[in-house]
Amino acid sequence: MLCNARGGEVMLEVPNSMGLLPLHRAAMYGHTEIAAFLLQKGGDMYRPDRIGRNPLDYATLYDHTSTKSLFELWAEKLANTVSGGNLS
């Protein structure tokens, strides 16, 4: 569940016991639409888990090509934003 009972705060950055965030798990299971939603809500695709893997690493490891492509596209959009573009 992404929202807690206290004011509906988004729980994007709360890891499980293995240090996996919701975005890690979406990548691990190939849930591309959920991963896109989490990215749009501020999920950090660069944050590593306890063993140093980020969500892109999991999408690659489990051969989820559409999820991997999403992360690569998102990274490109972020790079464009930093260089003066936008995320729209």
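**Exercise 1.** State how many helices and strands the protein has, and give the order of its elements.

*Solution.* Start with the count: the protein has four helices and zero strands. The model is a predicted one. Next, read from the N terminus on: the elements run α-α-α-α.

**Exercise 2.** Describe the largest nonpolar core and find which elements contribute to it.

*Solution.* First, the size: this core has 15 residues. Second, the residues with the most contacts inside the core are Leu23, Ala35, Leu39, Met45 and Phe71. Third, the elements giving two or more residues to the core are α1 (22-29), α2 (32-40), α3 (55-61) and α4 (65-82). Of these, α1 supplies the largest share, four residues.

**Exercise 3.** List the residues that Met45 touches, leaving out those up to four places away in sequence.

*Solution.* With those neighbours set aside, Met45 touches Leu23, Leu39, Asn54, Pro55, Phe71, Trp74 and Ala75. Met45 is also one of the residues with the most contacts inside the largest nonpolar core.

**Exercise 4.** Locate Asp63 and decide whether it is buried or exposed.

*Solution.* Asp63 sits in the loop between α3 and α4. Its phi is positive, about 55°, although Asp63 is not a glycine. The relative accessible area of Asp63 is 59%. Exposed means over 50%, so Asp63 is exposed.

Technical notes: Residues numbered from 1 in each chain as written. Predicted model: local features only at pLDDT ≥ 70, side-chain atom pairs only at ≥ 80, totals over all residues. Heavy atoms only, no water. Core = buried A, V, L, I, M, F, W, Y, C linked by side-chain atoms within 4.5 Å. Buried < 20%, exposed > 50% of the residue type's maximum accessible area, 1.4 Å probe, protein only. Contact = heavy atoms within 4.5 Å.
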